[in-house]
Amino acid sequence: MKSHYSDAPAAEPLARHTLAVIVDNEPGVLARIAGLFSGRGYNIESLTVSETEHEKHLSRITIVTTGTAHVIEQIKAQLGRLVPVHSVNDLTVQGEAVERELALLKVVGKGEQRVEAMRLAQAFGARTLDATLTSFVFELTGGSDEIERFIKMMTACGLVEVSRTGIAAMSRGAEGM
Amino acid sequence: MSETMTGAEMVVRALQDQGVEHIFGYPGGAVLPIYDALFHQERVKHILVRHEQGAVHAAEGYARSSGKVGVVLVTSGPGATNAVTGLTDALMDSIPLVCLTGQVPTHLIGSDAFQEADTVGITRHCTKHNYLVKRIEDLPRILHEAFYVAANGRPGPVVIDIPKDIQFASGTYVRPSNNRHKTYRPQVQGDAEKIRAAIALMAQAKRPVFYTGGGVINSGPQASALLRELVRLTGFPITSTLMGLGAFPASDRQFLGMLGMHGTYEANLAMHGCDLMINVGARFDDRITGRLDAFSPGSRKIHIDIDASSINKNVKVDIGIVGDCAHVLEDMVRVWRSASPQVDKAALKEWWEKIDGWRGRNCLAYRQSKDTIKPQYAVERLYELTKDRDVYVTTEVGQHQMWAAQFFKFEEPNRWMTSGGLGTMGYGLPAAVGVQLAHPKALVVDIAGEASILMNMQEMSTALQYRLPIKVFILNNEYMGMVRQWQELLHGGRYSESYSAALPDFVKLAEAYGGVGIRCDDPAKLDDAIREMIDTPRPVIFDCIVDKTENCFPMIPSGKAHNEMLLNDVAGDIGSVIDEKGKMLV
Ligand SMILES: Cc1ncc(C[n+]2csc(CCOP(=O)(O)OP(=O)(O)O)c2C)c(N)n1
Ligand SMILES: [Mg+2]
């Protein structure tokens, strides 16, 4: 489209990036970051946040996002200009990061279905956190793909509820942030 | 030195400690303790506006004309929401402000209390940063930090929302040894390697152009001085955005005028045809670039900006230098001097010849008339009759704003206050109030449109109350002229709702406010009328009746590139120049 505004960019390859953002743990910081993504039209695939250094009031926000190389650069620059943001670390350009997620699954069933659920949980290495005569709550920690597969399998075995933490990530090797 | 005092007293003390002389505000229930604290002192003078939007624009005018941080004080709920347009304006144009808002007491937050609004939520997207003060212990730090955040890095508005119980609470006030934020440290020094690379490109350039913006003004007078030095050292041509006017003297031969949608032919063609673009403190806004895929196709680009996110945001550049304009320009001048490069004199001469050819088109020419005042002529005369004075100009938004930018020649920075990024009608009058307070002896003129001026007309009362002799110079074309121009170009001349019907009598209106009204509709009498305005030591509304049908040229229409701009003489068939898709756009 010919326009006074810029044309929509031609389709460029999208890449998935995991960002670790260190922020002051102050009120509103999460709203600021979430608002930046919605306001500027960026994707969020996963977002987790938790205080990591209590005395310094620092939180670590892990964001998984997809975008073109240009958009990813903009996301990092835009995050960087928020006043409470200390640093923005792109774990994906630093090399394949270690990424983990925790999921809780409630499965309800009887007889053969229940045995199958138990067997699958064992095969995936899930822990059983709660059991009644008709239900289980399983815990599985792993990569997102593995958790997806586990959820899919459990759907056939009476899955009624899922809760996931979102991704926690860290770069490999000896270097710290 | 620590002292025990109430939160409200801390607010006033912090303002004093920051050297604040004027604040613009409007009282209400949630800020009464602060107003009470103001009552007991003289150092911080409160200027009572007539609408909170006016307070923010006044603070913007004050800040932009003086280089200081502008300060606003408003109540909770409607006070805060009325301030939102001004805050957004300041964010878009990078104006340093601290806006204090009252809030309902902490224990009532979230209960939909009387005059409660989620101020930090509402202003999160229109401030550089904002705070809700929940503990009296945090208040002194936040007050001082806010000034640091507003003024450092890319400047912008900061809101501090202070619940009423915090204003009453008592605590310990200490003036911090510095007001820096604990971690926010914008980068001011540019990367030396990149600066050397930039100078190397400049040394080889055959068709260079400087493209400078509001960042140079924000960086301070030193940045303008260094820009002048660098531009003269290199001999390169220079153009400026709307926001950057005055950083380089408009009368200088090297200055090509403003660029962009209503920029000059020579500036836009130089941008289109250059082989090296040196962007200093501008942001490749869409009013500047026109069609992006046709923007300056053959050039290498250097971009200096204090905001890293501006670099490569709209236009991909070859060298991006993050830093404050003054710091980077200082380094560039030094590196250029020590390298004293052999520039390609022949190529530069050829480039200047080309530019002078474009200049010869005389793109700002307009048809003069004996019977009606042409708006361009009115601005020209205003300029000629005021140029030897200490003059500051603000504007509203519309055609008159563009004519002011084209025909008023700014020789110095901080003299030109206009709403660029947001394009806020109603900016100019309150901004003039702020400018006049910062420069009591100066001549302050708001070049206005008859539609825009009605948006914040109430601030005439403020001007009267504080004896601020501002001049409101209305180019009265009885239309929302800029809207009418677009309707003429894009919508078959169907002037839907763009006629300024039922206008007040501006002369009587001025008198009703206690000011002076002057009307002129005769080109032959214009000079005398302008002189009368200048010589009146009171607020004046000048109703300048101008040609109703004049359009603003040159113009880069929607869907077009810099080298496809329209000049005055093709105005007849302009409707056919814009294609269907161009009509979709603003
Ligand atoms: C608050 C606001 N509302 C609407 C607009 C859209 N707009 C831009 S220019 C304009 C007309 C301005 O008319 P006037 O003040 O008479 O100036 P002129 O163009 O006639 O010189 C309008 C409505 C705006 N910029 N700001
Ligand atoms: Mg008008």
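**Before you start**

The model is predicted, so local features need pLDDT of at least 70 and side-chain atom pairs count only at pLDDT 80 or more, while totals for chains, interfaces and linings use all residues. Residues are numbered from 1 along each chain as its sequence is written, chains are lettered from A and ligands numbered from 1 in the order in which they are written, and side-chain values use heavy atoms, with hydrogens and water left out.

**Stop 1: the two domains of chain A**

Select residues 4-90 of chain A, then 98-170. These are domain 1 and domain 2 of chain A; domain bounds come from an automatic or database domain assignment. Their centres, taken over C-alpha atoms, are separated by 30 Å. Domain 1 of chain A gives 7 residues to the contact, and domain 2 of chain A gives 7 residues. Contact here means heavy atoms within 4.5 Å.

The two domains of chain A bury about 510 Å² between them, with 44% of it on carbon and sulfur atoms. Buried area is the accessible area (1.4 Å probe) that two parts lose on being put together, summed over both.

Now show A:Glu99 and A:Arg16. Their side chains meet in a salt bridge, at 3.7 Å from N to O. A salt bridge is a side-chain nitrogen of Lys or Arg within 4 Å of a carboxyl oxygen of Asp or Glu. Side chains of opposite charge can pair when their charged atoms come close. Between domain 1 and domain 2 of chain A the count is 1 salt bridge.

The rule also finds 4 residue pairs in polar contact across this interface of chain A, both residues at pLDDT 80 or more. A polar contact is a pair of N or O atoms within 3.5 Å; within protein, one must be able to donate a hydrogen and the other to accept it, and residues adjacent in sequence count only if both atoms are side-chain atoms.

Which elements of domain 1 of chain A give two or more residues to the side that touches domain 2 of chain A? They are β1 (15-24), β2 (46-53) and β3 (58-67) of chain A. β3(A) gives the most, with 3 residues. Helices (H or I, at least four residues) and strands (E, at least two) are DSSP runs, numbered from the N terminus.

**Stop 2**

Over all chains, the whole structure holds 39 salt bridges.

**Stop 3**

Move to chain B. It has domain 1 (2-174), domain 2 (192-359) and domain 3 (375-545).

Colour the open sheet of 6 strands in the order β3-β2-β4-β5-β7-β6 (chain B), with parallel pairing. Two strands pair if DSSP finds at least two bridges between them. Why is one side of β3 and of β6 of chain B left without a neighbour in the sheet? β3 (45-48) and β6 (129-132) of chain B stand at the edges, each with a single partner strand, so one side of each has no neighbour there. From one strand to the next, the twist averages 20 degrees.

Zoom in on β5 (residues 97-103) and β7 (residues 157-163) of chain B, which pair in the parallel sense over 7 bridges. B:Gly102 has B:Ile162 in β7(B) as its bridge partner.

**Stop 2: another sheet in chain B**

Select the open sheet of 6 strands ordered β11-β10-β9-β12-β13-β14 (chain B), paired in parallel. Its edge strands are β11 (255-258) and β14 (319-322) of chain B, each pairing on one side only. The twist averages 15 degrees from one strand to the next.

β9 (residues 208-212) and β10 (residues 238-240) of chain B run parallel, joined by 3 bridges. B:Tyr211 stands opposite B:Thr239 in β10(B). Helix α11 (residues 221-234) of chain B packs on this sheet, touching β9 and β10 of chain B, at about 170 degrees to the direction of β9(B).

**Stop 3**

Last, select B:Arg228 and B:Glu412: they form a salt bridge, with the closest N and O atoms 3.9 Å apart.

How values were computed:
Axes fitted to C-alpha atoms, helices over the stretch in contact; angles between N-to-C directions.
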